[in-house]
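This report describes a predicted model for a reader who is new to it. The sequence and structure are shown first, and the description follows.

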Amino acid sequence: MSWFGVTDHEDGRFSKTGLGSDGASRQLGPLLERGTLMFETQVAGNERPHDLFGVAHLFPWPRELAFRAIPGGGIAMLHRHNMDITHAAIRWADDGRTNTLRVTYAWNALEGWGRLCLERPEGNRTVSRPVHMPRPLMTDDLRDIMLAHPARALSKEVLFGAVSDDILPVGPMPSLHPATPIATPRGYRAAEDLRRGDTVLTDIGDVVPVLHTVRHTVPARGSFAPVRLRAPYFGLHRDIVVSPEQRLVLKGSEVEYNFGHEAVLVPARHLVNGHAAIWSNAASTIDYVQVILPGHEVLVAAGCALESLYIGRIRRDAERLAASVFADVPSRLLPEHARPIHQVLGSFEAITLVDQRAA
């Protein structure tokens, strides 16, 4: 898999041989027959229709790739290639809030299928629509999107965009830096070294087996931008790097008093405050790993209690499973996680809790 372009409002990068070490073995041709275009955007449900992301050219023939926001929280995709038009629309239920949505368009022109998908990075739900007979995309057009050509559209709501020459998964994503030390009965081991059949220690001292370890390379932007959690905060004895959506398990008298629970889950992005947690510098892409445990138990990473990967009941949905990072895992070998192990705090609740602890 190779990411070869990434862009936001401050920077854009594009390489026909790939970004980072994953793409050095091949080079893109003039047409991309298969691939994935991803972007994240903040779209209010009742906004008027408007362009979010794309590019349009007239020469050497008319062509356009456009993603537009539609009222109700939806996204419409239009790909015009001369006289051929591919169109798809998808809607996310409007709950009246401004949400961050991840939009993923995957296409395989050689096999005649595509997929337009919406998901909230902080959630465990995806909505997807098939795209019939998608056309190839021109590599030069994708370059123009990534490098801010005057013909590019990039709305202020768009957080980042990226493109790959592979069909990429959607759904639950890994969220730990590969070198993250995970507590096991024999001491700490790097998360990337854990395998099915190994065991780990939970935050309450139980020994549980690792069912699977997943790994994925993503753009180091938006909901994937790395967060550095700094020791000695959160019980850490060394700094660790996680994705913004990695949830920490926080306990203590403040938690019980404010929320009526022994422990709560807090996404790392809510903890960034300039000292206990900071945004970490990264290249264009970053690798993340995570482990799947039988009952969604809590990991201990360098002394800090972290949520293991929550996968819900994805094993029951063949279509979602096939589109996920677990596509190669037989459904019978995956567990079912009925609900998150603890209550998940929102942004305001998390900030209030952190401020109380700092006082």
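Strand 22 (residues 247-251) and strand 23 (residues 263-267) pair in the antiparallel sense over five bridges; two strands are said to pair if DSSP finds at least two bridges between them. Within this pairing, L248 has V266 of strand 23 as its bridge partner. Four of the five residues of strand 22 are buried, so strand 22 is largely enclosed by the rest of the structure. Here buried means under 20% relative accessible area, exposed over 50%, and partly exposed in between, with a 1.4 Å probe and protein chains only.

The model is predicted: local features need pLDDT of at least 70 and side-chain atom pairs count only at pLDDT 80 or more, while totals for chains, interfaces and linings use all residues. Residues are numbered from 1 along each chain as its sequence is written, and side-chain values use heavy atoms, with hydrogens and water left out.

Another antiparallel pair is formed by strand 19 and strand 25, which are joined by eight bridges. Strand 19 is largely enclosed by the rest of the structure, because six of its eight residues are buried. In a regular strand the side chains alternate between the two faces of the sheet.

The two pairings are set out below.

| Strands | Residues | Bridges | Bridge partners |
|---|---|---|---|
| Strand 22 and strand 23 | 247-251 and 263-267 | five | L248 and V266 |

Just after helix 1, A148 takes a positive phi of about 60°.

In total, the protein has four helices and 28 strands; these are DSSP runs numbered from the N terminus, with helices (H or I) of at least four residues and strands (E) of at least two. Of its 359 residues, 54% count as buried. The C-alpha trace spans about 65 × 40 × 35 Å along the principal axes. Contacts (heavy atoms within 4.5 Å) with a separation of 6 or more are 64% between residues 24 or more positions apart.
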